[in-house]
Amino acid sequence: MPNNSKDYYKILGVDKNASQDEIKSAYRKLAKQYHPDLHPNDEECAKRFKEVNEAYEVLGDSNKRANYDEYGSANPQDFFGGGFSNFGGGNFSGFDDIFDIFSNFGGGSRRRTSRVTPGEDIVLNVNLSFKEAVFGCEKIFKVNLTSKCEKCDGTGAKDGREFSTCPDCHGTGEVTVTQSTIFGRMTSTAPCKTCNATGKIIRTKCDSCGGKGTKREFKEIKVNIPAGINDGQVITMRGKGNASTKSGPSGDLIINVSVAPHPLLVRDGIDLLLDLPIPFTTAYLGGDVEIPLADGKYTLTIPPLTQPNTVFKLKNKGVKALQRDNYGDLLVTVRVEMPKDASKKEKELMQNLASNSSNYKRVKAFQDKMSKL
Ligand SMILES: [Zn+2]
Ligand SMILES: [Zn+2]
């Protein structure tokens, strides 16, 4: 005998050796007998119905039944997801053949969720200049959107007060529907059509929105584009989209950001990259070169004898990190350019420079290795 306070066999009125078919048949009979919709406000019936379902959830499944027979530990809480109120919500094994009929029963969360219809999202595209993206900016969008009527606070009733309780559903927002089934007359609940599941009937309509509770209008929406936004990023403003026409939450305002490229600077996250071509004479002798910043210009001093591809890092001259206070760097890579042409005089001057190879570290290392081949 299982060490369990509830005897599921007794609840279903079957023998311990009953076949699965006998259990199913007993369950169907009792489920029909105690279904709460047939006995409104009868707590005893509701309790019995719950017990019957608990028992069948275990005994109707041969694995759970075997476990119960052996250990008596088939805790119904585990199978009912923590409470009877969730019954009818979905994937219950063993209920497949009666599920359709009971599907509206008890239905807490599912139906309530479907009654809440959020407003639609508004999707906008914005093209920013490079500078606007780096430093942030303010943009004003003209949007044709559904917004909550402020005069009636979205209720649709005059002054937000002129409504009464729906006579069909008595304010609950749902009505009882009776169907003929193989079990006889069965009842279930459905959203009330009279009041659109709001439970309220407007007595006098709001003269501003005509009773809808929402208005379609052109509105200017000011958006602060944050500094550091990048091409392809999306700004989502929760609840700033269309108001719901069915008393749900508002939709979102979604802004797709495109950023125009800079003619010289390239963004790499919060860093800026610059390829800086300099004449080989500047690399050799050093000199000042004007370079672009995200905002304005900067004079970079190239030291004498700068090697090709040297990277100069200008700390914090990059882009501000989104929603943070740190900045990236500007990384300037020097590209040494040789002249395309040289005069006879220039060539003569170069002859003198070319004579001393000991100053070329890498060239010398190469030559050393070559000589040992
Ligand atoms: Zn109603
Ligand atoms: Zn209104």
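Modeller: The zinc ion (ligand 2) is coordinated by the SG atoms of Cys-149, Cys-152, Cys-206 and Cys-209, at 2.3 Å. This is a predicted model, in which local features need pLDDT of at least 70 and side-chain atom pairs count only at pLDDT 80 or more, whereas totals for chains, interfaces and linings use all residues. Residues are numbered from 1 along each chain as written, chains are lettered from A and ligands numbered from 1 in the order in which they are written, and side-chain values use heavy atoms, with hydrogens and water left out.

Biologist: What makes these cysteines donors of the zinc ion (ligand 2)?

Modeller: Donors are N, O and S atoms within 2.8 Å of the metal (3.2 Å for Na, K and Ca), and sites may look incomplete because water is not among the atoms. The SG atoms lie at 2.3 Å, and along the chain the donors follow the spacing C-x2-C-x53-C-x2-C. Both Cys-149 and Cys-152 are buried, a word that stands for under 20% relative accessible area, with exposed over 50% and partly exposed in between (1.4 Å probe, protein chains only).

Biologist: Why is the arrangement around the zinc ion (ligand 2) called tetrahedral?

Modeller: Four donors count as tetrahedral if all angles lie between 85 and 135 degrees. The 4 donor atoms here subtend angles of 104 to 115°, and the arrangement is therefore tetrahedral.

Biologist: And what makes the arrangement around the zinc ion (ligand 1) tetrahedral?

Modeller: Its 4 donor atoms subtend angles of 103 to 116°, which again makes the arrangement tetrahedral. They are the SG atoms of Cys-166, Cys-169, Cys-192 and Cys-195, at 2.2 to 2.3 Å, and their spacing along the chain is C-x2-C-x22-C-x2-C. Cys-169 sits in the loop between strand 3 (163-165) and strand 4 (174-181), and Cys-192 in the loop between strand 5 (184-191) and strand 6 (200-202), so the pair ties together parts that are 23 residues apart in sequence. Helices (H or I, at least four residues) and strands (E, at least two) are DSSP runs, numbered from the N terminus.

Biologist: How do you know that Cys-169 is buried?

Modeller: Its relative accessible area is 3%, so Cys-169 is buried, and Cys-192, with 2%, is buried as well.

Biologist: Why is the pair of Tyr-27 and Tyr-56 called stacked?

Modeller: Rings of Phe, Tyr and Trp (its six-membered ring) pair if their centres lie within 6.5 Å, and planes under 30 degrees apart count as stacked, over 60 as edge-to-face and the rest as tilted. By this rule the count comes to 1 aromatic pair. The ring centres of Tyr-27 and Tyr-56 are 4.0 Å apart and the planes are at 5°, so the pair is stacked. The pair links distant parts of the chain, with Tyr-27 in helix 2 (residues 20-34) and Tyr-56 in helix 3, 29 residues apart. Tyr-27 counts as buried at 2% relative accessibility, and Tyr-56 is buried at a relative accessible area of 6%.

Biologist: How do you know that the span of helix 3 agrees with what it should be?

Modeller: The expected span is 1.5 Å times one less than the number of residues. For the 17 residues of helix 3 (residues 43-59) this should give 24 Å, and the end C-alpha atoms are 24 Å apart, which agrees.

Terms used:
Four donors count as tetrahedral if all angles lie between 85 and 135 degrees; four count as square planar and six as octahedral if opposite donors are over 155 degrees apart and all others between 65 and 115; anything else is irregular.
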